[in-house]
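Thanks for making the time this morning. I would like to walk you through one model, so please have the sequence and the structure open while I talk.

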Amino acid sequence: MLAIQRSPAVGVQKTAASCRSRGAAGCSRRPPPAAAAVPAAVAAAIARRRRARHTAAAAAAGSEARSTAPSSAPAEHAEASLPSLIPHTLEQLEADEELQALHARVQQQGQAALTREEAKQRQRSLDALGVQPFAQVLQAAGVSPLVRKPTAIFQLNIGLYCNQACRHCHVESSPKRTEMMSQEVAERCVQLMEASASSISTVDITGGAPELMPQFRYVVREARRLGLQVIDRCNLTVLLEPGQEDTVQFLADHQVQVVASLPCYSAENVNKQRGGGVFERSIRALQMLNAAGYGQPASGLQLDLVYNPGGVFLAPPQSKLEPAYKQELWEHHGVTFNSLLCLNNMPIKRWADQLVKEGKLEDYMRLLVDAFNPAAAEGLMCRDTISVGWDGRLYDCDFNQQLELGLPAAQHQTVFDIDSLEELAGGRIAVGSHCFGCTAGAGSGCQGATS
Ligand code: SF4
Ligand code: SF4
């Protein structure tokens with residue numbers, strides 16, 4: 001199913017009818033797509049940006065320090081004038097009958113109960129295969145106990161709102177999600193960056209579509225002020241959303257590394273996994289990034305793409321797939337990028353739901369277990385990454401965050417419980433049956449293969 005909105009904190013909203021022509025044109029027999037109410041804070045941020053954009057003085061002053069952007073290749077802001085993708089995404093969600101049934105389950109049972117049920121299903125699959133718990137498998141491989149090293153990557157999930165609703169989204173984002181980081185939590189995260197400057201090198205910003213969150217630019221500016229590398233996990237299509245016309249230039253001005261999802265170089269496969277029209281918009285966004293200098297030699301603007309499998313198989317080696325990606329995207333679309341990161345799909349949330357629906361969960365767990373790689377386990381991202389939820393809770397990784405599996409140490413539950421990320425070093429890492437997704441094959445983490 002697409003877009004299960006399971007969080008009891010959100011609930012499906014009563015929505016106003018949309019008159020966006022793109023969404024209506026794609027639905028000949030159904031009523032026009034309903035539009036989710038954009039969260040008030042998101043709407044306010046968009047309005048602020050629109051006002052700023054239309055202020056001639058601000059434009060003339062170039063207040064975002066444009067001097068750091070490559071002057072020879074300005075971003076094509078005119079490209080960013082397509083209608084929003086959101087009505088089309090909502091149309092697809094509304095048309096999904098399984099979604100409606102599952103939404104009813106969410107309403108009846110709540111998010112926590114469904115997450116527990118999902119864990120039981122994974123465990124039943126492992127039991128049927130006669131597989132030991134992940135922690136014991138690690139121990140047998142000589143990798144246990146899994147403990148935290150000094151934190152190098154500070155990953156912030158600043159909100160779950162997204163203009164897409166992809167089939168494999170482990171965050172279950174969609175335009176119907178409203179959770180987002182408050183200013184108080186964002187400021188606390190900046191304080192922790194300052195207090196942990198000797199340890200961390202990178203601030204990794206994710207969502208949802210982080211660019212749509214009110215705290216995005218504040219966090220970017222503060223992290224860069226502190227001299228930290230910043231990663232924006234970008235879904236690409238967000239760069240063409242109304243109100244985002246200056247985002248490419250903002251990213252370039254602040255030398256933000258863009259890590260962008262593009263699970264295939266074929267339109268058919270991408271649109272099947274991420275929604276109709278996503279591939280075409282993604283290519284336009286990549287062209288805009290290239291025009292701003294991203295992925296170009298010697299620009300210093302890093303553009304990486306992310307591949308994840310479209311079915312019950314593991315990601316191929318990055319070294320094999322990257323040349324094909326580069327050739328296809330250059331020859332057909334004139335797009336260049338730096339590196340391809342290949343990730344496995346984690347057997348959680350939407351992907352787990354789909355596997356259960358198709359009766360393939362046991363097959364997938366067998367695939368992951370059979371491909372267990374001790375070398376991949378050595379490089380697990382949870383060893384040196386800390387993940388912060390939109391509400392300030394701390395997790396060993398983004399996947400644990402979605403499963404609400406907090407840090408084992410009771411005194412380290414939120415950003416307000418610690419004075420520095422250095423306090424977390426040496427702590428035990430919370431693992432579970434889903435972790436087999438990180439140790440299969442070449443391994444899988446937010447930075448790509450782990451071995
Ligand atoms: S773009 Fe990313 S966050 Fe948004 S629904 Fe797709 S996978 Fe989830
Ligand atoms: S799911 Fe998280 S905790 Fe488990 S192995 Fe992967 S990164 Fe580590």
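This is a predicted model: local features need pLDDT of at least 70, side-chain atom pairs count only at pLDDT 80 or more; totals for chains, interfaces and linings use all residues.

Let me begin with P309, which, once its neighbours within four places in sequence are left aside, is in contact with L314, A315, N344 and N345. As for its place in the chain, P309 sits in the loop that lies between strand β7, residues 303–307, and helix α13, residues 318–333. Is P309 buried, exposed or partly exposed? It counts as partly exposed, because P309 has 18 C-beta neighbours inside 10 Å, whereas a buried residue would need 20 or more and an exposed one 12 or fewer. If you also look for N269, which is 40 residues away from P309 along the chain, you will find that the two C-alpha atoms are separated by 9.9 Å.

Stepping back to the whole chain for a moment, there are 17 helices and 10 strands in its secondary structure, and of its 451 residues, 49% count as buried.

Now to the ligands. Ligand 1 is surrounded by 13 residues, of which the closest are C162, C166, C169, S173 and N235, and by class that shell divides into 6 nonpolar, 6 polar and 1 charged. Around ligand 2 we find L380, M381, C382, D396, C397, F399, N400, I429, V431, H434, C435 and C438, and the shell there has 9 nonpolar, 2 polar and 1 charged residues.

Finally, I would like to turn to a pair of helices, namely α6, residues 111–129, and α15, residues 361–370, which pack at an angle of about 65 degrees with their axes 9 Å apart. That angle makes α6 roughly perpendicular to α15, and the crossing in which α6 passes α15 is right-handed. Which residues meet there? From α6 they are Q121, R122, S125, L126, A128 and L129, and from α15 they are L361, E362, M365, R366 and V369. Sorted by class, this contact of α6 with α15 has 6 nonpolar, 2 polar and 3 charged residues.

That is where I will stop, and I am happy to take questions.

Technical notes
Residues are numbered from 1 along each chain as its sequence is written. Chains are lettered from A and ligands numbered from 1 in the order in which they are written. A residue is near a molecule or strand if its C-beta atom, placed from the backbone, lies within 6 Å of it. Ala, Val, Leu, Ile, Met, Phe, Trp, Tyr, Cys and Pro count as nonpolar, Asp, Glu, Lys and Arg as charged, and the others, Gly among them, as polar. Helices (H or I, at least four residues) and strands (E, at least two) are DSSP runs, numbered from the N terminus. Two residues are in contact if their C-beta atoms, placed from the backbone, lie within 7 Å. Axes are lines fitted to C-alpha atoms, for helices over the stretch in contact, and angles run from 0 to 180 degrees between N-to-C directions. Angles under 35 degrees count as roughly parallel, over 145 as roughly antiparallel, 65 to 115 as roughly perpendicular and the rest as oblique. A crossing is left-handed if the near helix is turned anticlockwise from the far one by less than a right angle, and right-handed if clockwise.
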